[in-house]
2 protein chains.
Amino acid sequence: MDEFSLIGAYFKRAISPSKTPQMDVGVGDDAALFRVADGHQCVVSSDLLIEGRHFFADVAPRALGHKSLAVNLSDLAAMGAQPLGFTLSIGLPRVDTEWLSEFSKGLFALADEFNCPLIGGDTTQSDTIVINITIFGQVPTGQAILRSGAQVGDDVWVTGTLGDAAYALNLMQNAPTHSDLAQVRARLEMPTPHVAFACALRSAGLAHSMLDVSDGLAGDLPHILRASNVSARIDCDALPQSSVLSQLPAAQAWQYAVAGGDDYELCLTASATSEVRAALFDLAQKFATPITRVGTITPMNQENQVIWHSERAPEVAQRLACSNGFNHFASH
Amino acid sequence: MDEFSLIGAYFKRAISPSKTPQMDVGVGDDAALFRVADGHQCVVSSDLLIEGRHFFADVAPRALGHKSLAVNLSDLAAMGAQPLGFTLSIGLPRVDTEWLSEFSKGLFALADEFNCPLIGGDTTQSDTIVINITIFGQVPTGQAILRSGAQVGDDVWVTGTLGDAAYALNLMQNAPTHSDLAQVRARLEMPTPHVAFACALRSAGLAHSMLDVSDGLAGDLPHILRASNVSARIDCDALPQSSVLSQLPAAQAWQYAVAGGDDYELCLTASATSEVRAALFDLAQKFATPITRVGTITPMNQENQVIWHSERAPEVAQRLACSNGFNHFASH
């Protein structure tokens, strides 16, 4: 395999000075060069995806190309940062031109949508498919929305609906002919990063803390709680569910929503005032990004970092809270 | 495997505001934050290393930690850029604490030497060891030393000596008890990136083009030639060789030097004036980085992109030039 011809054919695209004016040198030199706007910090995140761990070997390559970049765009969104560009390192067992063509189509369609060009990387042969994307963005200095800013009394919000991706994964593994799969599969394979909403949120100064939900609410919310030295009470009845999930038994739907993963929705905290709530709903409407208030930040409680509450099915919430997954994260 | 405890134990180190004042947020949030100095471009490079392709499974983990970062620092050096920080994505078959401890020691020793902190990344389980480092640096806007600036008449220079790493690899694979191995092994496993020399070179404005030699001179010099639309004549007799390689037959030593790899020396072109030559030798002495003039940039010659010349053993140079490896690259 000649890595240079591989890059040349599928991943080397000229940078468009009009569309991405801060990009100066892309693929083709020892390193790429770009400019960060004055008064801005550079924002960097990196995700490693490995065949058999993060995706099936037979995943549609176009969806994989989309998702590989989407999860990184979602990390930038979680900071309220504007994307600038990314590097792609890819290891492949062989040069499969059909696969490469589809993968790059999925990748570049999303890159073009977010004006986030590929500016460098590496290619090599490997036994299984290995994909690492490192993404760069910018944010006005000091304005990134960190995990450490949650305050006692804050509302806890999530965007979109939770649990669809985990339900899709379960169906693909255990019931691939189930009629629900068609409705939730795209949530697993083609997640939508909420970049524009997040940048507007940062610009409006509305959120105290934020992250993106890649390991389920029970897996990720504690990152905010630990970084901010607080706890939370979550109202399970309020967890936003798609129409598909809302038809499942509560225990099952909540399990997907809180212990599942791969939703790439945003979880944020903000002041519990009527003005802030109204401003958040305005932003949500403007960017067609539904948001739902699901709980409250409480003073640090070492015993129960998250209290999972329900009026509708208290015993189900209780059982969820006692399950292994929850105790695992609560113990941190 | 709990990736967070893994990160926490081995890769999460606090950023030192006094030593790396441009780093604001490191490992632990959705993304890292740093500042690029005013009037500077951000420089980014990424390398993917895979067990069985780029290193042996039984390589000393400390050396692997060193080399993983060194090859990226070398890419920054090739642009004349100053390192700022890096992300590490690592896939491991299991949590081997001894291996992780040694790997991180090698990694952080080099990171500390270059004030280049780890600021983020990803960890996951994988069947074989997978390492991707993306490195960030800065360079005064417009002053990066690109591959595209070589001019007809330029001298071609290389730092250090060439071929030792390829010779070491050959001995490890075919003659692991050979007495030469001890003298060249470090060149393969613990390469030294020439960052300070390269930054001084950029600052002095002496070089027209530069890259680092990771695929042998025959593999890499053509990148400069193609980007600059020129050709080159290389004097094989002048190729700098270590005392170990100089005792091998010329054909063998040249083969390692020009068709080998992993030397991570710099190859640069600069005006062929006595003033520039003297200035280069001064810099070389100041930074204890030997440099050797090995050839000349010539007008574009489609037939022979590189002419490999020798007074001492013309038939050997001729044979080298006709070998598969050379034609492969010459055909581009």
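Which hand does the crossing of α4(B) and α5(B) have? The tour answers this at its second stop, after an overview.

**Conventions**

This is a predicted model, in which local features need pLDDT of at least 70, side-chain atom pairs count only at pLDDT 80 or more, and totals for chains, interfaces and linings use all residues. Residues are numbered from 1 along each chain as its sequence is written, chains are lettered from A and ligands numbered from 1 in the order in which they are written, and side-chain values use heavy atoms, with hydrogens and water left out.

**First stop: chain A as a whole**

The C-alpha trace of chain A spans about 60 × 50 × 35 Å along its principal axes. For 332 residues, a compact globule would have a radius of gyration near 20 Å, and the 20 Å of chain A agrees with this. The radius is taken over C-alpha atoms, and the globule rule is 2.2 Å times the number of residues to the power 0.38.

**Second stop: α4 and α5 of chain B**

Select residues 164–174 and residues 181–189 of chain B, which are helices α4 and α5. Their axes come within 7 Å and cross at roughly 115°; axes are lines fitted to C-alpha atoms, for helices over the stretch in contact, and angles run from 0 to 180 degrees between N-to-C directions. That makes α4(B) roughly perpendicular to α5(B). Angles of 65 to 115 degrees count as roughly perpendicular, under 35 as roughly parallel, over 145 as roughly antiparallel and the rest as oblique. The crossing of α4(B) and α5(B) is left-handed, a term for a near helix turned anticlockwise from the far one by less than a right angle, with right-handed used if clockwise.

Show the side chains next. From α4(B), B:D164, B:A165, B:Y167, B:A168, B:L169, B:L171 and B:M172 meet B:L181, B:V184, B:R185, B:R187, B:L188 and B:E189 of α5(B), where contact means heavy atoms within 4.5 Å. By class, the contact of α4(B) with α5(B) has 9 nonpolar, no polar and 4 charged residues. Ala, Val, Leu, Ile, Met, Phe, Trp, Tyr, Cys and Pro count as nonpolar, Asp, Glu, Lys and Arg as charged, and the others, Gly among them, as polar.

Select residues 195–204 (α6) and residues 274–286 (α9) of chain A, whose axes come within 10 Å and cross at roughly 150°. That makes α6(A) roughly antiparallel to α9(A). The crossing of α6(A) and α9(A) is right-handed. A:F197, A:A200 and A:L201 of α6(A) make the contact with A:L280, A:L283 and A:A284 of α9(A). By class, this contact of α6(A) with α9(A) has 6 nonpolar, no polar and no charged residues.

**Last stop: both chains**

Display chains A and B together. Chain B can be laid on chain A with an RMSD of 0.0 Å by a turn of 180° and a shift of 0.0 Å along the axis, with copies superposed by least squares on the C-alpha atoms of residues with pLDDT of at least 70 in both. That is the relation of a two-fold axis. The same surface serves both copies, as 100% of the contact residues of chain B recur in chain A.

Notes: Helices (H or I, at least four residues) and strands (E, at least two) are DSSP runs, numbered from the N terminus.
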